[in-house]
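Good morning, and thank you for coming. Please keep the structure in view as I speak.

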Amino acid sequence: AAKQSGRGVARVFDESMDESIRFRRRIEGGLAQALERGELSLAYQPIVAGHDLEIVGFEALLRWNTEEFGPVSPAMFIPIAEESNLIHELGDWVLDGALAELAHWPGQYVSVNFSPRQFRRHNFVGHIVERAQRAGVEPHRVQIEITETAIFDDADRAAETLYKLRQMGFRIALDDFGTGYSSLYNIRKFALDCLKIDRSFIDGMGRERESAAIVHSIVHLGRSLGLTVCAEGVETEAQVQALRLAGASHLQGYFFSRPVIAELARDMAAERYMHSPDAEEEPLAAN
Ligand code: C2E
Ligand code: MG
Ligand code: MG
Ligand code: MG
């Protein structure tokens with residue numbers, strides 16, 4: 001409720017509007033026109049299988065390049081879009097673009113982020129199903145990434161939504177796992193396929209015992225529940241080795257590739273593996 005009243009609050013304080021609110025307004029205004037101005041694009045980051053580094057999927061990540069501000073990070077503008085219905089417009093654009101891209105890959109899935117507000121949208125399941133059908137895409141090639149915040153507010157309703165999506169054949173990943181409010185009690189109620197370990201834990205792995213312990217626990221938890229476990233934000237070869245040892249089934253991060261433009265992702269998808277077959281000594285070399 002606090003979130004929804006955000007715009008009203010801004011209006012009340014109009015006269016003493018401070019810089020940050022004004023900036024926010026400009027972002028919001030720019031975002032509303034970003035679509036028609038053609039300022040949006042999608043980047044794709046490969047997700048590889050831990051054991052052989054086959055590229056099994058790509059995560060679609062929204063990019064916004066404005067004349068006014070230059071490139072703006074989704075970490076900055078998604079929360080602003082999330083406070084209004086703009087998120088639905090942007091989200092639909094992302095979903096349609098990601099679904100269309102599948103035709104250019106030999107078999108990989110596309111992983112699409114959905115914010116809490118999108119997930120709680122009326123008839124979310126019907127909406128996704130319809131767009132996938134219209135694109136002629138098989139549901140198993142689509143992974144839906146949601147965060148813990150999206151599902152723990154109204155756990156029963158979320159459980160039902162996830163169950164239906166899974167029934168239809170879509171994959172479900174819990175993004176940024178470990179940073180939200182998940183209780184283990186709730187986790188078992190949800191129809192999930194994948195836990196994505198938040199990159200803050202991967203980042204801390206080599207430095208702190210605590211992060212390494214948490215990574216191991218999440219891998220163990222995921223495997224015990226029959227889920228795949230994807231480590232995000234993998235940046236070093238040492239992390240790759242540690243994560244493989246820990247038993248993470250999937251890896252994603254700058255070490256393999258940054259998010260890339262669609263054309264490059266197509267080339268990578270066609271190659272299928274992150275390493276060339278004759279580079280036995282350096283199977284982990286990126287690009
Ligand atoms: P996320 O879904 O957790 O995506 C992972 C973020 O980590 C991406 O940032 C990605 O570029 C970045 N990343 C990947 N590998 C590494 C690494 O090795 N090191 C570091 N330091 N970072 C890495 P990005 O693209 O800026 O997106 C930030 C967040 O914005 C996403 O986090 C997601 O929550 C949100 N977002 C992005 N695109 C969309 C979208 O289409 N819809 C929605 N609802 N949210 C989106
Ligand atoms: Mg994500
Ligand atoms: Mg993530
Ligand atoms: Mg994240």
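Predicted model: local features only at pLDDT ≥ 70, side-chain atom pairs only at ≥ 80, totals over all residues.

The largest pocket is the space taken by ligand 1. A pocket is an open set of points, on a 1 Å grid over the protein atoms alone, with protein on both sides within 12 Å along at least five of seven lines; a molecule sits in it if more than half of its atoms lie within 2 Å of its grid points.

Residues are numbered from 1 along each chain as its sequence is written, chains are lettered from A and ligands numbered from 1 in the order in which they are written, and side-chain values use heavy atoms, without hydrogens and water.

Which residues are closest to ligand 1? Among the 23 residues that surround ligand 1, they are Arg63, Asn113, Asp175, Glu235 and Tyr254; to be counted, a residue needs a heavy atom within 4 Å of the molecule. Strand β2 gives the most to this shell, namely 4 residues; strands here are DSSP runs (E, at least two residues), numbered from the N terminus.

The side chain of Arg63 comes to 2.8 Å, that of Arg199 to 2.9 Å, and that of Glu59 to 3.0 Å.

Let us turn to the metals. The magnesium ion (ligand 2) is coordinated at 2.1 to 2.3 Å by Glu59, Asn113, Glu145 and Asp175. Donors are N, O and S atoms within 2.8 Å of the metal (3.2 Å for Na, K and Ca), and sites may look incomplete because water is not among the atoms. Asn113 lies in strand β4 and Asp175 in strand β6, so the pair ties together parts that are 62 residues apart in sequence.

Asp175 bridges the two magnesium ions, which lie 3.6 Å apart.

Is Asp175 buried or exposed? Its relative accessible area is 7%, and Asp175 is therefore buried, whereas Asn113, at 27%, is partly exposed. Buried means under 20%, exposed over 50%, and partly exposed in between, with a 1.4 Å probe and protein chains only.

Notes: Polar contact = N/O pair within 3.5 Å; in protein donor to acceptor, adjacent residues only side chain to side chain. 1 Å grid on protein atoms, 1.4 Å probe; cavity = no way out; pocket = protein on both sides within 12 Å on 5 of 7 lines; lining within 4 Å.
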